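Visitor: Could you walk me through this model? I'd like to ask about it piece by piece.

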Amino acid sequence: MIPKIHKRGRRTIGLLYYLYGPGTHEEHVDPHLVASWDDNAPDPGRDPEATLKQLQQLLDQPVENVEPDARPDRHVWHLSVRNAPTDRILSDEEWADVARRMVAATGIDPDDGACRWAAVRHADDHIHIVATLVREDGYKPNLDQDANRSQAEARLLEAELGLRRLNRGDGTAAQRPTSAERHKAARRGQSRTAREELREKVRHAAAGATSEDEFFRRLSAGGLLIRRRLAPSGDLLGYTVALPDDLNKDAEPVFYSGSKLAPDLSLPRIRQRWSSSTTTESAEPDEAVRPGRRTTSGPSGARRQATEVTWQAVLLIADGSDGVGAAQIAGGGEVLDALAQTSAISTRHALREAAFAYERASRSHIRAEREHDRALRAAARDLVYSGPALDHGEHGASSAMLIDMLFFFVAAAAAWHGKRHHAQQAAAARQAAEHLRAAYEAAAGQPLAVLRQRGRRLAQPLLHKHTENLRRAVPELADRLLAEPGWYALAATLAEVEDAGHDPAPLLAEAAARRELDTAESVSDVLVWRLRRLAGLPAAPSSQRSASSAPRTRPARASVDHLRPGSGGRSGR
């Protein structure tokens, strides 16, 4: 249940005409009254003798009874209450009870002599409550925190009425699209509103940016229309952006300020990122990169570097102070935004959805100490300027490696928010993790399939050797790993680790000790990427590289059946 308090108005009759009218797109059906201040108000919807003017005059009567200078400038209060699409349809009697509870909770009608109000229903899933802001006794109502109080009452009503239970908010969420914006997007056949598209594009432009010039240059390159708001001194105060094809009824672009897109996209909030990154990033190799030039490391190198930085962020989220953890969570959002805009076609949709969902998890009331997210922001910058990645070879495998790490990152963010009772943020991080899981499966399929094939072709003595390495390094995980379809990919990687001059068992033990593995569907997949990072191996197995320097014999699948509790199935995260 979502209650929304709308902007106050001056004309009661104007709002009533809308509520009882056909709607902007003929969506209003059977408008009628379900409750009112005395349960005896005229209903122009179902009573042929009642008129909108009569209802308006009765609602405005307490306002007219006080002296003109005592009347509120905007005396019309408007609250809509909407259920989720999956909720059952409430009866008129149930909606009437909802209306009475809401006006009591918000301060409109908490006691005798309160404000006059009426609740109108013109759809199955919501009602509108209109009230006038002078009480019957001539005083003004106490509406302090009316929005928060309506939300608290909604949470109680959800439980009592068996409706979908929403998470409590903390006032840091981005503004929701209006119904008009949603209808406009639907008419144009678009899944997102203009507000949501702009939010994504502005976040992409801000990811890793280090100056106003760079930020606005990226906005322009993203195809946005930009207006700068200047002080009389010429100083830049803010900005607004618009999509070129999003026009109002006068065929003019519809502009949104950064703060209307999300709280952390106002110019002052974005400047906080730049001021915290100037001194350190100047020493980073990535800082030398200028727009239009690619980093020397290329997309795969940028992804490997981002993987290492993200791993350090996971540790800081778990062990750092609240301010440090909040900074890592915010900076990780920039890495995800940068990856989404430079991803290959096979992973682009899932990564965009992951970044879109994670946006809500990237901020809370805990102030981020932005000087601690410099490494993440530098990694995001490197991703942006390294150019778009391909979906195969080293590009695809290094993308899988980074997505794998980002999965653990958002899991850590969800746990961090959960411990601090940030319900909406924790839910958003978990949703982002599901989209990352889909992106991972798309990116990791090809390189892991090559490794699994190589593992099956390992010489019999070598496969036995790495099975023993496995049991020696991680005895508590050995049976599980041997039962996973990804075991052969892990065995092939252990062989590459040894070929590179490393002792596989200690390196495997180190990889397994690097934080939890409980959230992974395939522990062997996770260990493959960790080993390849620790040993400095290419993310993708080379098609020319032999699986082992030892002579090959027949495939070893049957020879290790006694070591593996089970086999078969598809590899997952």
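What follows is a chat about this predicted model, moving from the whole chain to single residues.

Visitor: To start, how many helices and strands does the chain have?
Guide: The chain has 573 residues, and buried ones make up 54% of them. Among contacts with a separation of 6 or more, 74% are between residues 24 or more positions apart. As for secondary structure, the count is 20 helices and eight strands.

Visitor: Which element has the highest mean pLDDT, and which the lowest?
Guide: Over the chain the mean pLDDT is 88, with 90% of residues at 70 or more. Going element by element, the lowest mean is 72, for helix 9 (residues 267-281), and the highest, 97, belongs to helix 6 (residues 194-206).

Visitor: Over which residues does pLDDT stay under 50?
Guide: Where pLDDT is low, the predicted coordinates should not be read in detail. One such stretch still has 31 contacts beyond four places in sequence in the model, and that is residues 278-296. The model gives 70 such contacts to another stretch under 50, residues 544-573.

Visitor: In what order do the strands of the five-stranded sheet run?
Guide: It's an open sheet with antiparallel pairing. Strand 1 (2-5) and strand 2 (32-36) each have a single partner strand, so they stand at the edges. From one strand to the next the twist averages 25°. Put together, the order is 1-3-5-4-2.

Visitor: Which residue is the bridge partner of A35 in strand 4?
Guide: Strand 2 and strand 4 (residues 117-121) run antiparallel, joined by four bridges. For A35, the partner in strand 4 is A119.

Visitor: At what angle does helix 1 run to strand 5?
Guide: Helix 1 (residues 12-20) lies across strand 2, strand 3 (76-82), strand 4 and strand 5 (126-132). Its direction relative to strand 5 comes to about 165°.

Visitor: Then the three-stranded sheet: which strands are at its edges?
Guide: This one is open too, antiparallel, in the order 6-7-8. Strand 7 (residues 236-242) is joined to strand 8 by two bridges, and V241 has Y256 as its bridge partner there. The strands that pair on one side only are strand 6 (225-230) and strand 8 (256-257).

Visitor: Which helix packs on that sheet?
Guide: The helix in question touches strand 6 and strand 7. Its direction makes about 15° with that of strand 7, and it is helix 7 (residues 212-221).

Visitor: How far is V314 from F408, C-alpha to C-alpha?
Guide: V314 is in helix 10, and at 7% relative accessible area it falls under the 20% cut-off, so it is buried. Outside its sequence neighbourhood V314 touches F408, F409 and A412. Although V314 and F408 are 94 residues apart along the chain, their C-alpha separation is 7.5 Å.

Visitor: Is Q145 buried or exposed?
Guide: Q145 is in the loop between strand 5 and helix 4 (146-161), with a positive phi of about 60° despite not being a glycine. Its relative accessibility is 51%, and the cut-off is over 50%, so Q145 is exposed.

Visitor: And what is the relative accessible area of H421?
Guide: H421 is in the loop between helix 14 and helix 15. Its phi is positive, near 60°, and H421 is no glycine either. H421 is exposed, and its relative accessible area is 72%.

Note on methods. Residues are numbered from 1 along each chain as its sequence is written. This is a predicted model: local features need pLDDT of at least 70, side-chain atom pairs count only at pLDDT 80 or more; totals for chains, interfaces and linings use all residues. Side-chain values use heavy atoms; hydrogens and water are left out. Buried means under 20% relative accessible area, exposed over 50%, partly exposed in between (1.4 Å probe, protein chains only). Contact means heavy atoms within 4.5 Å. pLDDT is the predictor's confidence in each residue, from 0 to 100. Two strands pair if DSSP finds at least two bridges between them. Axes are lines fitted to C-alpha atoms, for helices over the stretch in contact, and angles run from 0 to 180 degrees between N-to-C directions.
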